[in-house]
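Welcome! Take a moment with the sequence and the 3D view below, and then we can walk through them together.

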Amino acid sequence: MRGAYKDLREFLSVLEQEGQMLRIHDQVLAEPDMAAAACALTEIGESSPAIHFDNIAGFTNARVAMNVHGSWCNHALALGMEKDASMRDQFFEFVRRFQLYPGALERVESAPWQEVVIEKDVNLFEILPLFRLNRGDGGYFIDKACTISRDLDDWDNDDVENVGIYRLQVKGPNRLGIQTVPQHDIAIHMAHAEERGEDLPVAIALGNEPIITLMGATPLLYTQLEYKMAAVMQGSPYRVVRTAKGLDVPWGAEYVLEGRVLCGVRETEGPFGEFPGYYSGCHKYPVIEIDRVSHRKDPLYDAVYVGRPWTEIDFLQAMTTSAPIFLQLKQTFPEVVAVNALYTHGLVVVVSTRIRYGGFAKYVGLRVLTTTHGLGYAKIVIVVDEDVDPFDLKQVMWAISVKVNPAGDIVTIPNLAENLLDPACSPGGIVTKMIIDATTPVAPDVRGDYGEELDKLENTDQWRTKLQGLIKEMRK
Amino acid sequence: MTSPAGNLAPTACPRCRSGEIRVLGKSPVAAVWTIFGCPTCFYAWRSSEPEENVSPDKYPAPFRLRPDDLADLKTIPAVPPRRSAK
């Protein structure tokens, strides 16, 4: 395993060495070129590279990186694995490291992002190369930043400090809207602040190394610190610097915005093209005022294009969603082999499990619905046997095609709460959920007429290793 | 119609048609683009964007807003009551 990336620049240079980074020197328009290029990359294939723009009309030295996490190759490299690591291998490695929590923080006094400081007349439109992502978006959104906050009721407790990725609409020179759905930890911090009648101090770190971004997108417990999880994911203590207000910010960030969520203020926000592939509506959301911006010289800005799946956001939410569901499921049912919650932030979940006895698969499916993430998401759960790879949809489709008899293999539960952003909800936030049992019936469930399944010939595994080597040689 | 920075100041928000427009920022390279914002609905746009984002007449109908609709938007999260002094 490769060592930790100290900053985004180091990760991009590794991507470049691995043939996973494209530099565009031609001049581009802020709109629609950068988002259009990122959208195009998602259509190019599963090994698409990151992209870096350094010549954006109207800007003097803006640099923008997109699609940094936007392929399994890039995701593997972010984890310090070989770039051709399979989805399945990345899942198991992610899960292995996840269970090593907690790691340590490495606190240092200074960081490159302190090189340039702007405290007067902050104008985010002139400091950051902001641009519209989707044509119906209500404005310019920062969507790949880590927002850091602490609990005013428990200020010195590091474990309840929160690092999360929340969309931020830049509405004025130093004014942001923030989407904080009530289930997220920052909403708890905000609630405590507003109950106390105080603004909530926040620090917003942009342009981070790839691991903390993944952690900011992972549903951790309130009492788990994303920096401590990043430490075990990258294999070394996570380096942070404390701001004057007392918030820990990644050492490697390119920009840090410091400000406050304004107590009791709500303002029109949105819409924004969101992970289900639809625009969210407009709502009255909280507001952040920025008091100070710090950044590195020649700073690098990164953004994630969110479009109709699959786009980069799906890679950001892939393993980060699957691992917590898997670990909670495994605690209840040791028979569970793997969980694929890659699709639309886990609205669909495929679980592979050994079957304890007839009907067991449905119990496993029900447990998915009651995991922390499952409560707000998992709408369609497909349960497959232990020898069906849930990450290989060809195998999953085969299982559905021969092992499902809808008379008896489909369970639906009406009127369950689910994420507001799922357009299928009716009314908003309420949906029927479904479990599909695509496992082979076993006693005492005697339905179907399942004879002997075709299996691999002897020596197949040795042949596979040999042939993979020969194919690699042939294609050099 | 797209307008270069400083040439034709917009008179109405493309999204909600409110007449009050603010300049939010100008291109670091002079006269390439200007960013405008609507203090009513908080829509922001850059003068160099495609027509559908800068012109009230070309702004896509499904995304249009009326200022009167804004008051009915849901507040999330709800503002909690203040803790009473002990």
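Is Glu106(A) buried, partly exposed or exposed? Glu106(A) counts as partly exposed, because its relative accessible area is 30%, where buried means under 20% relative accessible area, exposed means over 50% and partly exposed lies in between, using a 1.4 Å probe and protein chains only.

Before going further, a word on the ground rules. This is a predicted model, in which local features need pLDDT of at least 70 and side-chain atom pairs count only at pLDDT 80 or more, while totals for chains, interfaces and linings use all residues. Residues are numbered from 1 along each chain as its sequence is written, chains are lettered from A and ligands numbered from 1 in the order in which they are written, and side-chain values use heavy atoms, with hydrogens and water left out.

**Salt bridges**

A salt bridge here is a side-chain nitrogen of Lys or Arg within 4 Å of a carboxyl oxygen of Asp or Glu. Over all chains, this rule gives 51 salt bridges.

| Arg239(A) | Glu106(A) | 3.4 Å |

Helices (H or I, at least four residues) and strands (E, at least two) are DSSP runs, numbered from the N terminus. Arg239(A) is partly exposed, with a relative accessible area of 32%.

Glu258(A) counts as buried because its relative accessibility is 10%, whereas Arg292(A) is partly exposed at 23%.

Elsewhere, salt bridges that share partners join Lys171(A), Arg175(A), Asp199(A), Arg260(A), Glu267(A), Glu289(A) and Asp291(A) into one network.

**Where the two chains meet**

In the interface, 47 residues of chain A are in contact with 37 residues of chain B, contact meaning heavy atoms within 4.5 Å. The two chains bury about 3500 Å² between them, 58% of it on carbon and sulfur atoms. Arg135(A), Glu195(A) and Lys284(A) supply 18% of the area that chain A buries against chain B, more than any other three residues. Buried area is the accessible area (1.4 Å probe) that two parts lose on being put together, summed over both.

Five salt bridges cross this interface. The elements that give two or more residues to the side of chain A that touches chain B are α5 (124-127), β9 (168-172), α6 (185-196), β15 (267-269) and β16 (283-285) of chain A. The largest share of that side, six residues, comes from α6(A).

**A look at chain B**

Along the sequence, chain B follows the pattern β-β-β-α. Of its 86 residues, 45% count as buried. Trp33(B) lies in the loop between β1 (22-26) and β2 (34-37) of chain B and is buried, with a relative accessible area of 1%. The C-alpha atoms of Trp33(B) and Tyr43(B), ten residues apart along the chain, are separated by 17 Å. A polar atom of the side chain of Trp33(B) lies 2.9 Å from the backbone oxygen of Ala57(A).

**Another tryptophan**

Which part of chain A holds Trp463(A)? Trp463(A) is in helix α14 (residues 460-474) of chain A. At 47% relative accessibility, Trp463(A) counts as partly exposed.

Terms used: A polar contact is a pair of N or O atoms within 3.5 Å; within protein, one must be able to donate a hydrogen and the other to accept it, and residues adjacent in sequence count only if both atoms are side-chain atoms.
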